[in-house]
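Subject: A structure for you to look at

Hello,

I am passing on a structure that I have been going through, and I hope you enjoy looking at it. Below it you will find my notes.

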Amino acid sequence: MLTVKIKAYTKGLVYKNNKYIRMLDEGRHWLNFNEDVIVYDMHRPFAPADDLSIYLNDSLLADALEVVDVKDNEIALKFENGLFKAVLPAGRYAFWKGMKELSFIKADVSKYEITEPIDRLILARPELLPYLRIYTVESYEQGLLFVDGKFASELKPGIYYFWKNPIVLTVYKADIRQLQLEMNGQEILTKDKASLRINFTVQYKITNVVKASENKEYEKQLYTLMQLALRELVAGYTLDELLDKRDAVSKTILDNVQDSVLVLGVVVLNCGIRDIILPGDVKDIMNQVLIAEKNAQANIIMRREETASTRSLLNTARLMEDNEMLFKLKEMEYVEKIADKINTLSVTGSGDLVGQLKEIFVPAKK
C-alpha cells in the first residue's frame with residue numbers, strides 16, 4: 001500500500017493497468033497495488049489521456065467538470081470571469097468547475113450573418129480572424145451585398161463582419177461623390193469638313209448604386225454615350241458656329257443625354273468643351289484672319305480720330321474767322337509758347353500782327 005497527497009486546486013485520477021479507476025480530491029489517499037495517479041491542475045482545461053466519454057461515466061468526476069460540445073458547424077467563444085479568452089472549434093471540451101466563472105457563446109458559422117450577441121470589439125480580436133470575412137464601406141461609398149450572386153441588401157458606410165463559410169459573398173462598392181470623366185483628343189469633322197480635336201469634360205454622380213452594379217463597366221458606357229452625343233452635335237455645326245456657340249453646345253449635350261444615362265444609375269451634373277484644337281494650316285489661316293480684323297479695327301479707329309480732329313479744327317477756324325478776340329487770344333497763346341523756347345523775338349514790318357496772320361491764313365471774302 002502506498003499513500004499519495006493531492007494538493008489544493010488539483011485533482012488526482014487513479015489508473016490501474018492504464019485503466020481509469022476513480023478521482024481523488026484534495027488530501028492524502030491510499031493506493032492499492034498496481035495503481036498509479038495522474039495529477040491535474042484545476043486552473044487548466046481537463047485534457048485526459050483517453051476518450052472523454054470514459055471519464056464521464058464516473059459521476060463524481062462528471063460533476064466536477066463542465067463539458068462543452070461544439071458541433072461541426074459551430075464555434076464557441078470562451079469567457080473567464082466575463083473576459084474573452086479563446087475560440088473553441090468543433091469538438092468536445094471539459095473544464096474544472098469552481099476555479100473561475102466560465103461562460104460560452106456558441107455561434108453557428110454555417111450561415112453568413114452574425115446573429116449571436118458578440119461585441120464588435122471581440123470580433124476584432126485576432127483569434128477570430130480565421131473565422132470571419134470583413135468588409136469596409138468608406139464614408140463616401142455605398143455598398144451592395146450579393147449572396148451566391150443574388151442581391152441581398154444595401155450596406156451603409158461602416159465595417160461589416162460575416163462568418164467565413166462556403167456561401168459566396170460579394171460586396172460591390174460605388175463612390176457616391178461627384179466624379180469627373182475626361183474625354184481627350186476627340187477627332188471630329190464639322191459640318192464644313194474642318195477636322196478638329198476636342199477635349200471634353202463631364203462631371204457626374206452615381207444616384208442609383210443598384211442600377212450601376214447591373215451595368216458592366218458603367219464608366220465606359222457613360223463615356224461612349226457622351227462621345228456619341230458630342231460627335232453628333234459637333235457634326236451639325238460649321239467651324240465658326242462651333243467657336244461662337246461652344247457654351248450652347250455643352251448645354252444641348254447635357255439636355256440630350258440625361259434620359260440615356262439614367263439607365264446606368266448616374267446623373268450628369270455638368271459638361272463642357274475644355275479645348276478646341278485646330279490643325280496647323282487652319283490655325284495659321286485663323287491667325288491671319290484675326291490679324292486682318294484687328295488691323296481693320298485699328299484703321300477705323302484712326303480714321304475716326306482724324307475725322308474728329310479735322311472737324312474740331314474746322315469749328316475753331318470758323319469761330320476765329322468771325323471773332324477778332326479769338327485771334328488775339330490765339331496769338332497770345334502762340335507767343336507764350338514761343339517765348340518758352342527762345343530768349344528774344346523780333347517783329348519787322350508794319351501793321352498789326354493779327355491782321356497779317358489773317359491775311360495769310362484766311363482767304364479774302366469776295
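Where is the place of Asp-148? Asp-148 sits in a loop, with strand E12 (141-147) on one side and strand E13 (150-155) on the other. Before I go on, please keep in mind that this is a predicted model.

**The protein as a whole**

The protein has 366 residues, and 32% of them count as buried. Its secondary structure consists of 10 helices and 18 strands. If you take the contacts with a separation of 6 or more, 63% of them are between residues 24 or more positions apart.

Most residues other than glycine have a negative phi. Asp-148 is not a glycine, yet its phi is positive, at about 55°. Asn-18 is another residue other than glycine with a positive value, its phi being near 65°. You will find Asn-18 in the loop that lies between strand E2 (10-16) and strand E3 (19-24). Asn-18 has 77% relative accessibility and therefore counts as exposed.

**Residues in the strands on either side**

With a relative accessibility of 28%, Ser-153 counts as partly exposed. From Ser-153 to Val-171 is 18 residues in sequence, and their C-alpha atoms are 9.9 Å apart in space.

Strand E3 is where to look for Arg-22. Its relative accessible area is 25%, so Arg-22 is partly exposed. Not counting residues up to four places away in sequence, Arg-22 touches Gly-12, Leu-13, Val-14, Trp-30, Leu-31, Glu-35 and Asp-58. Arg-22 and Ser-59 are separated by 37 residues in sequence, while the C-alpha to C-alpha distance is 10.0 Å.

**Two buried residues**

Is Phe-46 buried or exposed? Phe-46 counts as buried because its relative accessibility is 5%, and buried means under 20%. This residue belongs to the loop between strand E5 (35-41) and helix H1 (52-56). Leaving aside neighbours within four places in sequence, the contacts of Phe-46 are Leu-13, Tyr-40, Leu-52, Tyr-55, Leu-65, Ala-94, Phe-95 and Trp-96. One of these, Leu-65, is 19 residues from Phe-46 along the chain, with 8.1 Å between the two C-alpha atoms.

Asn-199 is placed in strand E17, and at 11% relative accessibility it too counts as buried. Not counting residues up to four places away in sequence, Asn-199 touches Met-183, Asn-184, Gly-185, Gly-272, Ile-273, Arg-274, Asp-275 and Ile-277.

**A pair of packed helices**

Two packed helices are described by the angle between their axes and the distance between the axes. Helix H5 (residues 218-234) and helix H7 (residues 246-261) pack at about 140°, and their axes are 10 Å apart. H5 and H7 are therefore oblique to each other, and their crossing is right-handed. On the H5 side the contact is made by Leu-222, Leu-225, Met-226, Ala-229, Leu-230 and Leu-233; on the H7 side, by Val-249, Thr-252, Ile-253, Val-257, Ser-260 and Val-261. Sorted by class, this contact has 10 nonpolar residues, 2 polar ones and no charged ones.

How about each helix in turn? The 17 residues of H5 should span 24 Å at 1.5 Å a residue, and its end C-alpha atoms, 24 Å apart, agree with that. Its buried residues are Tyr-218, Leu-222, Met-226, Gln-227, Ala-229, Leu-230, Leu-233 and Val-234.

H7, with 16 residues, reaches 22 Å from its first C-alpha to its last, close to the expected 22 Å. Buried in H7 are Val-249, Ser-250, Ile-253, Leu-254, Val-257 and Val-261. What covers these buried residues? The cover includes strand E17 (195-206), H5, helix H6 (239-244) and strand E18 (266-277). Strand E17 is also the place of Asn-199.

Note on methods. Residues numbered from 1 in each chain as written. Predicted model: local features only at pLDDT ≥ 70, side-chain atom pairs only at ≥ 80, totals over all residues. Heavy atoms only, no water. Axes fitted to C-alpha atoms, helices over the stretch in contact; angles between N-to-C directions. Helix = DSSP H or I, 4+ residues; strand = E, 2+ residues; numbered from the N terminus. Parallel < 35°, antiparallel > 145°, perpendicular 65-115°, else oblique. Left-handed = near helix turned anticlockwise from the far one by under 90°. Contact = heavy atoms within 4.5 Å. Nonpolar A, V, L, I, M, F, W, Y, C, P; charged D, E, K, R; others polar. Expected span 1.5 Å × (residues − 1). Buried < 20%, exposed > 50% of the residue type's maximum accessible area, 1.4 Å probe, protein only.
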